Amino acid sequence: MKAVKKYILLILLGLISGIVCGLCGVAFSKAVGFVTSIRTQNDWILYLLPFGGLLSVGIYKLCRVKNIGTTNVFDCVRSEQYLPRSLAPAVFCGTCISHLFGSSSGREGAALQIGGGIADTLARVFKLDEDSRHITVMCGMAALFSAVFGTPLAAWIFVLEVILTGLCLPAAIPVLLSSVTAFIISQLLHVHAERFSIGALPQFSLAVVWKTVVIVAICIVVAFMFCKGLNLGKKFARKVFKNEFLRIAIGGALIVVLTVLIGTRDYNGGGIDVIERVFEGSVKYEAFAVKLLFTVICVSCGFKGGEIIPTLFIGATLGGTLAIILGLPTGIGAAIGIAVLFVCATKCPIATILLCCEMFGFYCIAFITPIVIISFVVARYKGLYSNNIDLINFIKEKSHKQ
């Protein structure tokens, strides 16, 4: 009876987390959209990016948040580690600053941190035990991701899959409830869910198979370059520029110079508009490489936001480019690129399949599933989140224990 009462409480906490984090997700999404529109209407704001970086670091210092990222939120669920109460407002402000001034950053990574921070605070308010607190944090992460990106099933499975602890089974229903609740709230309050049209799927043939294999293989290599670049870039930036203010100012100045030299603002901000153009058939061959470089610089130097949208940008533009070269529809190539880059970066194959189904339509599941599974099995390098245990390693650990 005590266990039943505890589980009912967890379900209620899932609902509460979904409502609270859903509303915060709506506010976050609209704030990012608002500052992005300001930047796109005023090109001169980009030149203030180094000063925006200084402001971001200053806010983090003021909030006493140091060296906290998405990986730390995942660790919070696996340990007795608590998140700073000021994490959510710091990430909220830092990400808005990044998008206002033109950093090459996403928002879903930030959403995971905001959701985890809010839920961790809620858990402490309700004085929950450790297991209940961990599940509540998972609910918060899924809720914010779902509200911001509009993919409730992918958000649900992503959080369970990236955590992979013994709590995943009891957490499944509360996290799902939280994710769906936040999604419903976001749609009622008119947050745009990310959806792309890939058109009709190609008919099965050996030609389509080998062209798909080529795209998958090249995307796996580029995903490795992206993940490795972020890892080495952070280490290099921290070693060379030990002062956080100097590091982010130099990174911002470098982005300004590169943007002026390239002559386009396509690589500032998240780049959802560019992804949409790819599915409409317009793609620049060099776009994936430029976005990769911009994102590595911005993330390595300390700009906030996250890497998930840039990951999708790189996948869409690379896949679209290869599709044009190989004679496949651009939308099909972009979908393949997104699937491969996301699964290689996150190491979450089930979440990747659901993400693609929610973004492109469930009719693509038979086409996307083998691509995701093969990419996941082949790409055995570390992804964006260094401490997460993927399904293969999780199964190996369980087998050794038995």
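A pocket, as the term is used in these legends, is an open set of grid points with protein on both sides within 12 Å along at least five of seven lines. The views show a predicted model.

**View 1. Centre of the largest pocket in the predicted model.** The largest pocket has a volume of about 1,200 Å³. Its lining comprises 44 residues, of which Gly-69, Lys-234, Arg-238, Val-299 and Glu-307 are the closest to the centre. Classified by residue type, the lining of the largest pocket is made up of 16 nonpolar, 16 polar and twelve charged residues.

**View 2. Helices around the largest pocket.** At least two lining residues of the largest pocket are supplied by each of α2 (49-62), α3 (70-78), α4 (87-101), α5 (108-125), α9 (206-240), α10 (244-262) and α12 (287-301). The largest share of this lining belongs to α9, with eight residues.

**View 3. The second largest pocket.** The second largest pocket holds about 570 Å³ of space. It is lined by 26 residues, and those closest to its centre are Gly-33, Thr-36, Arg-107, Ile-272 and Asp-273. Both α1 (2-41) and α11 (272-279) supply at least two residues of the lining of the second largest pocket. Of the elements that contribute, α1 gives the most, with seven residues. The lining of the second largest pocket includes five nonpolar, twelve polar and nine charged residues.

View 4. Val-4, Ile-8, Leu-12, Ile-16, Val-125 and Phe-126 together make a nonpolar surface patch of about 530 Å². Four residues of the nonpolar patch come from α1, which is the largest share. Phe-126 is placed in the loop between α5 and α6 (130-149). With a relative accessible area of 42%, Phe-126 is classed as partly exposed, because that class lies between the 20% limit for buried residues and the 50% limit for exposed ones.

View 5. Phe-196 is located in the loop between α8 (168-188) and α9. The relative accessible area of Phe-196 is 7%, so this residue counts as buried, the cut-off being under 20%. In sequence, Phe-196 and Ala-334 are 138 residues apart, while in space their C-alpha atoms are 9.9 Å apart.

Terms used: Residues numbered from 1 in each chain as written. Predicted model: local features only at pLDDT ≥ 70, side-chain atom pairs only at ≥ 80, totals over all residues. Heavy atoms only, no water. 1 Å grid on protein atoms, 1.4 Å probe; cavity = no way out; pocket = protein on both sides within 12 Å on 5 of 7 lines; lining within 4 Å. Points joined across faces, edges and corners; volume = space filled by probe spheres on them. Nonpolar A, V, L, I, M, F, W, Y, C, P; charged D, E, K, R; others polar. Patch = residues over 30% accessible without salt bridge, like charges linked within 9 Å, V, L, I, M, F, W, Y side chains within 5 Å. Areas by Shrake-Rupley, 256 points an atom, 1.4 Å probe, with all protein chains shown as cover. Salt bridge = Lys/Arg side-chain N within 4 Å of Asp/Glu carboxyl O. Buried < 20%, exposed > 50% of the residue type's maximum accessible area, 1.4 Å probe, protein only.
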